[in-house]
Amino acid sequence: MKKYYIKNNDQPDSSSSSASSSAIRIYVTYGECQRNQAEWLGGHAVDGCQAFMPSGEEGTPEALSCAACNCHRSFHKLEVHAEGEDSNDLPPPQRS
């Protein structure tokens, strides 16, 4: 699971407790696999993999492959979870 910390730009850059309390914590996870396994038959069927499990350590090419269904991480549903004061003001996630 990747963790991203976003600082609120409205607050001045200082080490006071008010600036650190306005930070937003965002967790990015990957859910169920949505790869169409029956595409070559002209149908639609998913394999039922419920969560992405990396095949290797973070930072290696194997970390992008799922250990359960052996497909790339991009086939899994992107889930963004935000915590903090302004977490309701976040834009929807951008897929790359």
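User: What share of the residues in the protein chain is buried?
Analyst: This is a predicted model. Of the 96 residues in the protein chain, 21% are buried.

User: And how much accessible surface does the protein chain have?
Analyst: About 7100 Å². Carbon and sulfur atoms account for 49% of that surface.

User: Which helices and strands are there, and in what pattern?
Analyst: The chain has one helix and three strands. Along the sequence they run β-α-β-β.

User: What's in the largest nonpolar core?
Analyst: Six residues: C33, C49, F52, C66, C69 and C71.

User: What about C66, which cysteine sulfur is closest to its own?
Analyst: That of C69, at 3.7 Å. Again, that is too far for a bond.

User: Are C49 and C66 buried or exposed?
Analyst: C49 is buried, at 10% relative accessible area. C66 is buried too, at 1%.

User: Back to the core. What does F52 touch?
Analyst: Leaving out residues up to four places away in sequence, F52 touches Y30, G31, A63, L64, S65, C66, R73 and H76. One of these, C66, is also in the largest nonpolar core.

User: Last one: how many contacts join residues at least 24 apart?
Analyst: 44%, among contacts between residues at least 6 apart in sequence.

Technical notes:
Residues are numbered from 1 along each chain as its sequence is written. This is a predicted model: local features need pLDDT of at least 70, side-chain atom pairs count only at pLDDT 80 or more; totals for chains, interfaces and linings use all residues. Side-chain values use heavy atoms; hydrogens and water are left out. Buried means under 20% relative accessible area, exposed over 50%, partly exposed in between (1.4 Å probe, protein chains only). A disulfide is a pair of cysteine sulfur atoms within 2.5 Å. A nonpolar core is a set of buried Ala, Val, Leu, Ile, Met, Phe, Trp, Tyr and Cys residues joined through side-chain atoms within 4.5 Å. Contact means heavy atoms within 4.5 Å. Helices (H or I, at least four residues) and strands (E, at least two) are DSSP runs, numbered from the N terminus. Accessible areas come from the Shrake-Rupley method with a 1.4 Å probe; for residues, only the protein chains shown count as cover.
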